[in-house]
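Open your viewer and get ready to click along.

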Amino acid sequence: MKKLVVFFIFCLTVFVFVGCSNYTDFLTDLTNYKLTLTYNDEQKTIDGQQYVDYLNTSDNVLDNVMFNLYANAFRENSKASVVSLANEDKAYPNGKSYGNIEIKTVKIENQETNFSVCGEDENILDVTLNSELYPNDRVEIYIEYTVKLANINHRLGYGENAINLCNFYPIACVYENGEFVCDLYNSNGDPFYSIISNYEVEFTYPKKFKLATSGTYSLTEQQDTITAKINAPCVRDFAMVISEKFEYKTLTYDERVKINYYYYGDENADDTVLLISEALAFFEEKIGEYPYSEVTVVETNFVHGGMEYPNIVLISDALPDYATYRVCVVHELCHQWWYGVVGNNQFDYGWIDEGLTEFCTIYFFDNNPKYEMTMENAITASTNSYVTFMRVYTDVQGEVDTSMNRALDEFNTEPEYVYNTYVKGMLMFSTIYELVGEKHFNNALNYYYKTNVYKIVTPNEVIKCFCYGSGRNLENLFDSWLSGKVKIVSK
C-alpha cells in the first residue's frame, strides 16, 4: 500500500492469543519459493532462477498456474502507471527511466512446457502444466528471468541512496472463485494480493552494499561479492533493500524479536529504534503477538511516505520532519499485523488494512503522550481535512462517490483514494472505538487477529469479527460508512 503519509499528522485484552508464534504447523501446507538471485550493479539487473513448489489450495483441478509480473509495470509504454502525474518529478529526479522483467525459461518438473507473458499489460506469466493438478497436490515450476531496474524512487528501482528490490519476482496469483486474480498495477494504493508462503533465497550482490531483507539471513563473502542465504517462512511476500550508505542499529525486544534499523540520514536513530520497540509492545498488547523473530525498518529513497512488506518496512528519506517520520514508522509497523499476518485483497478493499492501520497508529500515539499527538486532535484534524477536500472535490467534479468498497481503478484520482481509504477508514474505526468503548474495541481487535492469522479476510468477515469481538451489532454502522451514506461534518 502506498503511504501518502497520514493526513492526521497535519493537524490487557480479554482474549488471550495463542499459537501465532508457532507457525510450524502451517509450513507444510504452503507454496514454497526457492530463489537464486544475482545483482549486477553496472547493468542494474537481477538475474533470477526460481523454483516454485506450488500447492493447489483450491477445490478445482488446474491445468495452468498464473504469476503476477509486477516488474513489467515499470517498462516503457506500460498501460499501468506506477506513479500519479503529480508525483512523477519526485519519483524520477533524473528524468523518466524504465525497467522490466524478461522471462527466459519455464519448466515443469524439469521438463519444457508452454508459457506466455500475457494479461492486459504483459503483467501475467501463464504457465501450462504438463498434467492436471488436483486439489492439495503440488507441482514444481522453474522460472528463469532477468529484471532490469528503472532509476526511480519507488518500490522497485534504484535511487541516489538505495536500491529497492520489492515486487520484482514472479509471484503466484491468488486463485479464488474459479479463476486467478490478475489485476493490473495501479498508481493508487498497493495493487498487490498474495497468500502466505515460505521463502528460501540466495542473493549475491557486490561487497560494497549492505542488505536489509525480509526474514533472517547469514552471509558468505567472496572476493568481490557477498552471498546472503535468507530464510523467510510463513510470509505473504518477500522484499529487500541494499545500500552503500547504510548505518545500522539493533535492539532485542522482549528477548525474542530482533529489531534491525538501517538508515543514513536519520539524526535521531536511537530514538527511532526505541520507537520501534514501543510500537511493537503496544500492538502486541492491543492486537496480538508478533509471530516472527525479526523486524526491519529501512530508510530509503521512496516517492511516498513508506511501504510495508513482511518483516521489513520502507520509510522515505524525503519526509519533511522527524514527527512525520515517526508517524510513518508506526503506521508501517502496524501493517505487520494488518496486511502481513491478517491479509486482504489490497486492490479491491484497501480500507481493510489501511483504515484500521491508520486508526491503530493514532491509538498508539494517544497512549504515548510524550509524542504530543492525541486521538482527539488527530480525529478533529482528519475530519476537517476530509470535509474540506470533499467540498473542493465536489466543486470541481460535481457529484462525488464517497463509498469505500471500491477497487483501486475505481478511484478517479489518488487524493480521492487516500481520503476514502486512509482518512475515512480511520474515522470509521474511531467511531466504532467511541461507540463500543476501549475495552470492547480491544476485544474486537484481538478476536479479529487471532481468528484470521495467515488468512485472507473479506469485508463481511471484518464486520462479523468486530460484531462478535465487541459484543455489539455493528452491521448497519459499517454499511453506512462503506456505502457512503454517512455524512461527515466539520468539528
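Strands here are DSSP runs of E with at least two residues, and helices are runs of H or I with at least four, all numbered from the N terminus; two strands pair if DSSP finds at least two bridges between them. The model is predicted, so local features need pLDDT of at least 70, side-chain atom pairs count only at pLDDT 80 or more, and totals for chains, interfaces and linings use all residues. Residues are numbered from 1 along each chain as its sequence is written, and side-chain values use heavy atoms, without hydrogens and water.

**First stop.** Select β4 (residues 100-108) and β8 (residues 138-148): they pair antiparallel over 8 bridges. Ile 101 has Val 147 of β8 as its bridge partner.

**Second stop.** Show the open sheet of 5 strands, ordered β19-β20-β21-β23-β22 with mixed pairing. Its edge strands are β19 (247-253) and β22 (306-309). Inside the sheet, β21 (residues 294-300) runs parallel to β23 (residues 312-316), joined by 5 bridges; Thr 300 is partnered with Ser 316 of β23.

**Last stop.** Look for the largest pocket, with about 520 Å³ of space. A pocket is an open set of points on a 1 Å grid over the protein atoms alone where a 1.4 Å probe fits, with protein on both sides within 12 Å along at least five of seven lines; lining residues have an atom within 4 Å of a point. The volume is the space filled by probe spheres set on the points, which are joined across faces, edges and corners. Select Thr 57, Val 174, Tyr 175, Ile 195 and Ile 456, which lie nearest the centre among the 23 lining residues.
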